[in-house]
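Have the structure open as you read.

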Amino acid sequence: MSELPPNDSDSFEEIVAAETDRDPDLAVIEAGSRTLRTQGGPPQADVPARPEDPEVDKALREVEAELATRWGETKLEPSVSRIAALMDVLGEPQRSYPSIHITGTNGKTSTARMIEALLGAFELRTGRYTSPHVQSITERISLDGAPVAAERFVETYRDIEPYVEMVDSRQEYRLSFFEVLTGMAYAAFADAPVDVAVVEVGMGGSWDATNVIDGSVAVVTPIDLDHTDRLGNTPAEIATEKAGIVKRDATVIMAQQPVDAAQVLLRKAVEVDATVAREGLEFGVVARQVAVGGQLVTLRGLGGEYPEVYLPLHGAHQAHNAAVALAAVEAFFGVGSQHAQPLDIDTVRKAFAAVASPGRLEVVRRSPTVVLDAAHNPAGARAAAEAVGEAFQFSRLIGVVGASGDKNVRGLLEAFEPVFAEVVVTQNSSHRAMDADELAAVAVEVFGEDRVQVEPRLPDALEAAITLAEEEGEFAGGGVLVTGSVITVGEARLLLGRG
C-alpha cells in the first residue's frame, strides 16, 4: 500500500472519518490508496448531415454497408486479442499520444465533450472517440472538437482496410463493427496528429476494444445497472469490469458511486498504485442555479474553486459531469500531483460556455417546445425527468418513447411516469427496437390505459405528441420530450429538421 505525504495526513484522517459511517470496509480500502487534492475550446459542434457531394455520400454509404456486415455492437466476444492484433500491424498508433479514458454507465459522452472542450481551450489538439452516434457514423471520431469530414472517414477506413483483412484472416472471429471503428479512430488520431485523445469505452472496460490504450487519466462516471446480461447484476459486478481501464500509476477521477462499486474501484487503485480523486471529497459541485439556456455552477476542482461557470446544458447530472471533466483535465495537467496552481478561470469559463451535447435535453423546436434526451436506462431517465422539471417547468409534458428491447423498459417508464401527463409509445428503425405494441403493454401497466397512445411510426408519434401538447393552448406551456434510445432521438432529430 502506498503512503500519503505527511502534510496530507490530517485531511486523510478526516476523509476516513467521513466515509466510515457509510461502510467500514471503504475506509480501510481508502487508507491504502493515494488521494489527489491540492492545498488550497473549440467551436460548438453540431451533428453532421449526409454529405452534399453525391460521390462522397456514395463512398460513405459503401463504407457503412461494409461495416454493417460485421458483428454489431451488441454481439461481443470478450477479448481484446483482435484489436491488439490490429494495433500491432498498424504500428501501435494508440501509443503515439497520451489518452484520457472514460467508462461508467451514464454521462460518458457529455463528460467526454466537456473534457475535449477544456483541452481545446488550452490550445491542445484533441481527438475524441465516442459511441453510439446520434445521426451520422462520422460523429464517433472527432478532431479539434468537430466530427471528421465524411471524406476523411472514408479515407481512414480505406487506409486500414488491408490490415483489417489481414487480422480477419488470422483470427477465429472477424473484427467487429466497433473494433474496426476503434482502429480507425486510433489511426486517425495518430495521423492528425493529436496532442491528447479522449476515449469513451463502448461497453464495460477490461475487454472493451478501446482498452488497448494506457490512459494516464481514467474517468469513471456514475455506475448503475445496464447491460446486466454482459456486465453483471450489481453495481459491484459492473464496476469490476469497468475498473479494467485503470492502469498502473494512472490517476482515477471517480464520480459519486454506490458504495459497493466504490469499493471495487478503490481496490483496483490499490492493486495498480493509482492515484484517486473522488467527487464529493477531492472535487465536486459547490453550487448551481438555473440560468437561461443552462445553469451557472461553482465547481471545486483539484486546484481550488472555479466560481460562476456558465454551462449551457440542463440538469444537476450535467453539473456533476462538469465537475468530473474539470478534475480530469486538471489531473492531466498535473494539478494536485506536480503543482497546486489551478487552471486559468477565464479559459475554463470559455470552454464550458462552448460545450454542446446533442440529444441530451436538447431543444429542437419551440411552440410547443420539443426536447430530445437519449436516456435509455432507469438511472438516465430519473436524471432526465428531474432536469426537465427544473429547467422547463412545462404545464403539461407529453412523452414520446421508443426503446430497445434489451433494456429495462419498465424501469425507464416508471422513472418518467411522474412527469409525463401522457405518453406516445413508438419504435425506431433499428432491429433492436422493441415492438410498439409490446412497449404499449408495459406502458399501460405503468401509466394506465387512458394515458397511453400507440403510434408505431415515429413521424406519427411526433405529430400526435405535438398535437396533444398544443391542446394546452399557445401560451399554456405544453411540451414534448422524446426519449428512450439514442436511435429514437437521432431519428427524431432528423425528422424535426436538425441535421
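In this predicted model, Val 370 has Val 480 in β18 as its bridge partner. The two strands involved are β14 (residues 369-373) and β18 (residues 478-483), which run parallel and are joined by four bridges. Both belong to an open sheet of six strands with mixed pairing, in the order β13-β14-β18-β15-β16-β17. At its edges lie β13 (360-365) and β17 (452-454), each of which pairs on one side only. From one strand to the next, the twist averages 25°.

A helix also packs on this sheet: α15 (residues 436-447) touches β15 (396-401), β16 (422-425) and β17, and its direction makes about 175° with that of β17.

Elsewhere, β10 and β11 form a hairpin with two residues between them, and Gly 293 in the turn has a positive phi of about 80°. Val 290 stands opposite Gln 295 in β11. The two strand pairs can be set side by side:

| Strand pair | Direction | Bridges |
|---|---|---|
| β14 (residues 369-373) and β18 (residues 478-483) | parallel | four bridges |
| β10 (residues 284-291) and β11 (residues 294-300) | antiparallel | seven bridges |

Now to a helix pair. How do α16 and α17 lie relative to each other? Helix α16 (residues 458-470) and helix α17 (residues 486-495) pack at an angle of about 75°, with their axes 10 Å apart; they are therefore roughly perpendicular. Leu 458, Pro 459 and Leu 462 of α16 meet Thr 488, Glu 491, Ala 492 and Leu 495 of α17 in this contact. By class, the contact has five nonpolar residues, one polar and one charged.

Methods: Residues are numbered from 1 along each chain as its sequence is written. This is a predicted model: local features need pLDDT of at least 70, side-chain atom pairs count only at pLDDT 80 or more; totals for chains, interfaces and linings use all residues. Side-chain values use heavy atoms; hydrogens and water are left out. Axes are lines fitted to C-alpha atoms, for helices over the stretch in contact, and angles run from 0 to 180 degrees between N-to-C directions. Angles under 35 degrees count as roughly parallel, over 145 as roughly antiparallel, 65 to 115 as roughly perpendicular and the rest as oblique. Contact means heavy atoms within 4.5 Å. Ala, Val, Leu, Ile, Met, Phe, Trp, Tyr, Cys and Pro count as nonpolar, Asp, Glu, Lys and Arg as charged, and the others, Gly among them, as polar. Two strands pair if DSSP finds at least two bridges between them.
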